[in-house]
Each structure stands twice: as structure tokens, then as C-alpha cells.
Amino acid sequence: MSLFKKKSKIKFKKFESSIEASEYVAIEVLNEVKKGKKINLGLATGSTPILLYNALVSDYEETRTPWKNVSTYNLDEYLNLPEGHPQTYKEFMKKHLFSHIDINLDNTHFPKVNENYDSLIQLNGGIDIQILGIGTNGHIGFNEPGSLLKSITRVVDLTQETIDVNAKQFFAGNKDLVPKQAISMGLESILNAKKIYLLAFGYSKNEAMEKLYHAEKFDVNFPASALLQHNDVTVVFDNGTELDI
Ligand code: F6R
């Protein structure tokens, strides 16, 4: 039992499994999509949101709820991978979500160098729901430790820890194949979303989750602590994490 009391307004919800947690977030997203109005979703890649995307695809297969009014804005994209490379986040999104629903691919966006992604998002009405994962070092998007609260979309250097983790998960363990840089929405860009869901599954996220739960103010060395500045953040996690709430 922890001696600390949570001081932030971030809501923490623990589920029996990552499937249940992902279904909870899927229902929250679908409640908005099913209203049929224009909606902007901020999306993450990586292993964590795959179950959420599976749940969204299952719903589409069952209900054929149209995604025609949905626009998406991904958090980040690797630099220096050729267009169409299977490990680009664009291809990841097609594989896990976009090619299974009737979304218009023209409404799906990824940050690009020399484009003002933050202005584009704001001009289109801002992000209604932002989905986040969290890195073992506390990164959100590719805002690695050292990222400023005021950071916006920009080119970032990936830390060796992030390169190692991503090599294991997506590049068959070959660290040399993982791009060293990416373009990522900044912490300020993320905080502009109206509502945020952060998903964290498995024991590898234990330390980051403990830190987030006990965080009291922004710590530049722990980027996820930026979420303390937002009024509507829900963190969903599973039994793989030891955190007791
Ligand atoms: C990816 C992203 C990253 C990941 C994080 C966790 O778009 O924004 O912050 O969410 O690296 O990755 P996984 O889910 O693979 O553990």
C-alpha cells in the first residue's frame, strides 16, 4: 500500500485485462463517432493501441457505423523511412484500422517536415479525443525526456532506450534498422486536445505508471507529467501493472 496520495486530477482506471481496458476506450470513442458529427481523433501507434483498434474494427464489422465524418491526426511518424515502408506509422494505421473501416484516407493525417501540423489541427477544429501510449521512459508521442511543456510538432531525436524497445517490438531486434529521428506532436500540441485517454499495459510500464500516479508537477525528465496540466485525462491500465489505486 502506497504512502502517497494522488494529488492530480488525472483519472486512473484499472481493468482485469488489456482487452477490457481497450474495450472501455473503444466505447468512449464510438459514442462520439456514432453521433455522426464531424470529429477529430488524435491517434497513437505502437503495440498498446492495437487492441483498441481491433475493438473499433469489430464494431465496424458488426454495425457498419460510418467513419466518413471522422478525421484522424497521428501523433508521430518516423523520419527517413521510404513511403510505403511497413514500419511507417502510416502503414501501421492502415494495417490495424484504416483499411478495415470506411474512413476517407484524405481525412487521415500524419505530421510532416515543413508543414505546420499544429495550425492544420487547430484550423480543422482541434482534436476531440486524443489516444496516447506511454514509453518506459515516460515519453508521450515521441516527446522524450527533456521535452518542454511548450513544445509543438517538431523533429525529435529518439533516445537509445526508445530505439532499443522499438527494435525489439517492430524491427526483429535489429537496432540499426530503427530510424534515429521522428517528427512528433509536442507536449503543448497534445495538451490542446479536448479529452485524452492514455493506455498502459503490462509490467514494462509499471515504473512509468507509478511515476505518473505520484506526479505532482511537470518534470521535464518525465514527459507524461505534462498531463497534470490538462483537465480531462483518463489513464486506463491493466493487471500487468502493480500500481494499486
Ligand atoms: C507512438 C507513440 C509512443 C508510444 C510509446 C509506447 O505513436 O506515441 O509514445 O505510445 O512508445 O509504445 P508501445 O505501445 O509499443 O509500448
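Predicted model: local features only at pLDDT ≥ 70, side-chain atom pairs only at ≥ 80, totals over all residues.
Residues are numbered from 1 along each chain as its sequence is written, and side-chain values use heavy atoms, without hydrogens or water. Local features need pLDDT of at least 70, side-chain atom pairs count only at pLDDT 80 or more, and totals for chains, interfaces and linings use all residues.

View 1. A ligand oxygen lies 2.7 Å from a side-chain N or O atom of Lys205. For the side chain of Thr45, the distance from a ligand oxygen to an N or O atom is 2.8 Å.

View 2. The shell holds 14 residues; Thr48, Asp76, His139, Gly141 and Lys205 are the closest.

**View 3. The largest pocket, whose space the ligand takes.** A pocket is an open set of points on a 1 Å grid over the protein atoms alone, where a 1.4 Å probe fits, with protein on both sides within 12 Å along at least five of seven lines; lining residues have an atom within 4 Å of a point. The volume is about 500 Å³. Of 27 lining residues, Ile134, His139, Asn166, Gln169 and Lys205 are closest to the centre. Helix α5 (residues 160-170) gives the largest share, 7 residues.

**View 4. The second largest pocket, about 400 Å³.** Its lining has 23 residues, with Glu77, Glu83, Lys90, Phe110 and Lys112 closest to the centre.

Methods: Near = heavy atom within 4 Å. Polar contact = N/O pair within 3.5 Å; in protein donor to acceptor, adjacent residues only side chain to side chain. Sits in = over half its atoms within 2 Å of the grid points. Points joined across faces, edges and corners; volume = space filled by probe spheres on them. Helix = DSSP H or I, 4+ residues; strand = E, 2+ residues; numbered from the N terminus.
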